[in-house]
Amino acid sequence: MSEPMHRRQVLKAAAAGAVALGLSPRSRAEAVPPLRASGAKRALRVAHLTDIHVQPELRAAEGLAAALAHVQSLDDKPQLILTGGDHVMDCFSQDEARTKLQWELLAKVFRDGNSLPVRHAIGNHDVWGWNKGKSKTTGDEPMWGKRFALDQIGMERSYHSFDQAGWHFVCLDSISHDPNNANGYLGKLGDEQIDWLARDLESTPKSTPVLVLSHIPILTVTGILGRPDKKSNDYNCSGGVMHTDSSQIRDLFARHPNVKVCLSGHTHRLDRVDFCGVSYICNGAVCGNWWKGVHYECREGFAVLDLFSDGSFENTYIPYGWHAESQG
Ligand SMILES: [Zn+2]
């Protein structure tokens, strides 16, 4: 994707073009030269693995191991992995034993098969027991809610930021309680986190490009790909599919033109929305269709991002060749 395209305010589904090139995934990932025509150097190569949904069934752990092996076998190997949430199949509606089993499985695959540093964002399925009925929880368990996941992935707090190679990385927590549904969630930062985000961006030098990672997309077309409502003809995008505070976040980004790219997952689909100088990219799913094959245009895969010193970047989705044992 050339730099001028980033500036166009267009809605764009990006998946088809890459496939149409007819190149192997690996050669596509290696096609990015380390130097821009402008002279800007590549600062960092990052792998974005979202929606892993590991579970004991459907050879999911084997699939994750294959994805990690593929990342690390690229000749031009990434220096950092970002995981985009929904690490486990589900603990939102699962009891403690099942929750523990899935997190232990995830830890084992990463321990045995990954030597790269990893940073995380959490997803809705990573939150333990918010559906109290199905998970058989009371809410008083010390590990209830986000604590279980945070302990497992070694995070103090559910959102954070860090600097690496001249870029600033913001890992958001998209998951808020739904005031209208005690057993549900909404894509929302909440007052405390949005204040933190405002301060974090304020304290980042204007010359430092920013990458934002969230589980739920801040802006996406994937939420309106179905038919409009038969009666109203309105397209409806649920507050669980896209951030409900999208406009507030975008207003904040408008004051910080160094925010360049927002990565997400959650929808297990591939899209890219270039809007007001920010690229919002849904990067598919490691598990594709929850380990049951291809989900619409999205094969089991991950993205590789080349981040350049001038704030430009290239994002490439790479299917890692997984063959699901059952097609959903
Ligand atoms: Zn999700």
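## Ground rules

Since this is a predicted model, local features need pLDDT of at least 70 and side-chain atom pairs count only at pLDDT 80 or more, while totals for chains, interfaces and linings use all residues. Residues are numbered from 1 along each chain as its sequence is written, and side-chain values use heavy atoms, with hydrogens and water left out.

## The overall picture

The protein has 9 helices and 14 strands. Both kinds of element are DSSP runs numbered from the N terminus: helices are H or I with at least four residues, strands are E with at least two. Of its 328 residues, 55% count as buried. Here buried means under 20% relative accessible area, exposed means over 50%, and partly exposed is in between (1.4 Å probe, protein chains only).

As for how the chain meets itself, take the contacts between residues at least 6 apart in sequence: 71% of them join residues at least 24 apart. A contact is a case of heavy atoms within 4.5 Å.

Two strands pair if DSSP finds at least two bridges between them.

Now for some of the pairings. Strand E2 (residues 42-49) runs parallel to E3, with 4 bridges joining them, and Leu-49 stands opposite Thr-83 in E3. Strand E13 (residues 301-308) and E14 run antiparallel and are joined by 7 bridges; there, Leu-305 stands opposite Asn-315 in E14. Strand E3 (residues 80-83) is covered on both faces: Leu-80 and Leu-82 are buried on one side, Ile-81 and Thr-83 on the other.

## Two helix pairs

Helix H4 (residues 60-73) packs on H5 at an angle of about 30°, and the axes are 10 Å apart. Axes are lines fitted to C-alpha atoms, for helices over the stretch in contact, and angles run from 0 to 180 degrees between N-to-C directions. H4 and H5 are therefore roughly parallel to each other. The cut-offs are under 35 degrees for roughly parallel, over 145 for roughly antiparallel and 65 to 115 for roughly perpendicular, with the rest called oblique. H4 passes H5 in a right-handed crossing. A crossing is right-handed if the near helix is turned clockwise from the far one by less than a right angle, and left-handed if anticlockwise. H4 brings Ala-61, Leu-64, Ala-65, Leu-68 and Gln-72 to the contact, and H5 brings Leu-105, Leu-106, Val-109, Phe-110 and Gly-113.

Helix H8 (residues 191-202) and helix H9 (residues 246-254) pack at about 15°, with their axes 11 Å apart. That makes H8 roughly parallel to H9. Ile-194, Leu-197, Ala-198 and Leu-201 of H8 make the contact with Gln-248, Ile-249, Leu-252 and Phe-253 of H9. The crossing of H8 and H9 is right-handed.

You'll find 0 disulfides here, a disulfide being a pair of cysteine sulfur atoms within 2.5 Å. For Cys-298, the closest cysteine sulfur sits in Cys-287 at 7.9 Å, too far for a bond. Cys-298 is buried, at 0% relative accessible area, whereas Cys-276 is exposed, at 51%.

## A few residues to look at

Lys-136 has a phi of about 60° and lies in the loop between helix H6 (132-135) and helix H7 (147-153). Lys-136 is exposed, with a relative accessible area of 66%. His-268 has a phi near 55°, and its place is in the loop between strand E10 (259-264) and strand E11 (270-275).

Finally, Lys-100 lies in helix H5 (residues 96-113) and counts as partly exposed, at 43% relative accessibility. Its C-alpha atom is separated by 9.7 Å from that of Ala-149, a residue 49 positions away along the chain.
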